[in-house]
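These entries record what I looked up around the two ligands of the model below.

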Amino acid sequence: MTGNLIVANIGELATPRGFAANTGIQMSHLDRIKAAGIAIEDGQIVYCGTEAESEFQARLKLAKVAGTQVLDAKAKACVPGFIDCHTHFIYAGSREDEFFWRARGLPYMEIHKRGGGILRTVESTRNASSDELFSLGKTRLASMLAQGITTVEAKSGYGLDLDTEVKQLETIDALRFATPIDIVPTYLGPHAIPPEFAEDSDRYIDFIIQDVLPFIKARKLAAFADIFCEKGIFDIGQSRHYLQAAERLGFGLKIHADEIEHMGGAGLAAELGAISADHLLKASQEDLAAMGQAGVVAVCLPLTAFTLREPYAPARAMIDSGLAVALASDFNPGSCYSQSIPLIFALAVLYMGLSLEEALTALTLNGAASLGLADSTGSLEKGKAGDLLLLDAPSCDYLAYNVGMNLVSTVVKNGVIVREN
Ligand code: NIG
Ligand code: FE
């Protein structure tokens, strides 16, 4: 659904600019415009700038005559809709016991080795009906919308077998009609080694390449292919083999890289020209530099580092060395049972050394770039989708300053008011 809308009386409009990822120093170059206005036609921004400008005044006058909806922002701050470019929100069951085991010192991978972790969620997701997954997904999307997420990426990876992976991806597809949020589907079959292939992970990768990837491609069920490249899960050779096969079929490439241990996944992302490499807690400087050269977006997931009590990914150093950094939630039932965008802002600024400007760019334009959508959303400027938020705050600085609080009061998607808090 698209709409016509004028947003008038914006106290401060804050947005990155551009139709591709902002890298390095560019990430701090936000437009911050006082007394701003935005005009949206057929879902697309046709004007974004100061309110006093004659073009805006003319559009406002015309809107009043034509009966176009005018939203009075009442001097609130306005930012682009948030892009959560890395989530695992389609699953059944929960793992709260593991949270407390980890709190008492049991490592994430140790729980996995003992048969807990991802494989537990695989079991509950295999046992869930499509209707159950749909209804769980719908509830989670509602909470995303309330926090101002207008585009979200959703990974499979809790089925591992063909039927359940397809059930997850078909649920994602069905949910697109039940929410105003744009959902970008990613196939993550190589998320863990399923019990059926426990003795032979190479054979599982071969099965995926021969039977699953072509099926998903033919049904257009996923835009990206992702893999958990981690010690004890899939190694670099298997990751390369899988990602190259996915690329040949036309999938965009993503990789869970260097999350728990250094594996060289970031370097592999650079070698293969992946659209993003995600996590990167243990990535080497050399591999990060190669990512910069290859134009791979570095997706950092601070809520996961926080929950696992691991050191944060070196996002400050990444930006200083010229990389494009995106931030996302990684929402999942294990390593990060949190959808909190406000907490991401706080952690990015307080513990990762990002400025508010950089954090906002990371959660909007660069998130869009990591999904191949920077030409259509992620910033407020002419030609982009009318995806924007009004905040219960006079400036965008409050996004971090008001620690952990949801300040979103109004969500506009494609020029339509889709949520008021
Ligand atoms: O991104 N690391 C792999 N996948 C998820 C965790 C999934 C889970 O624990 O269920 C992550 O952290
Ligand atoms: Fe993840």
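Entry 1. For residue classes, I counted Ala, Val, Leu, Ile, Met, Phe, Trp, Tyr, Cys and Pro as nonpolar, Asp, Glu, Lys and Arg as charged, and the others, Gly among them, as polar. By these classes, 4 nonpolar, 8 polar and 3 charged residues form the shell around ligand 1.

Entry 2. I worked from a predicted model, in which local features need pLDDT of at least 70, side-chain atom pairs count only at pLDDT 80 or more, and totals for chains, interfaces and linings use all residues. Residues are numbered from 1 along each chain as its sequence is written, chains are lettered from A and ligands numbered from 1 in the order in which they are written, and side-chain values use heavy atoms, with hydrogens and water left out.

Entry 3. I then looked up polar contacts of ligand 1 (pairs of N or O atoms within 3.5 Å). A nitrogen atom of ligand 1 lies 2.7 Å from a polar side-chain atom of His191. For Glu259, I likewise noted 2.7 Å between a polar side-chain atom and a nitrogen atom of ligand 1. The side chain of Arg95 has an N or O atom 2.8 Å from an oxygen atom of ligand 1.

Entry 4. I turned to the iron ion (ligand 2), taking as donors N, O and S atoms within 2.8 Å of the metal (3.2 Å for Na, K and Ca); water is not among the atoms, so sites may look incomplete. His86 (NE2), His88 (NE2), His256 (NE2) and Asp330 (OD) coordinate the iron ion at 2.1 to 2.3 Å. I recorded their sequence spacing as H-x1-H-x167-H-x73-D.

Technical notes. A polar contact is a pair of N or O atoms within 3.5 Å; within protein, one must be able to donate a hydrogen and the other to accept it, and residues adjacent in sequence count only if both atoms are side-chain atoms.
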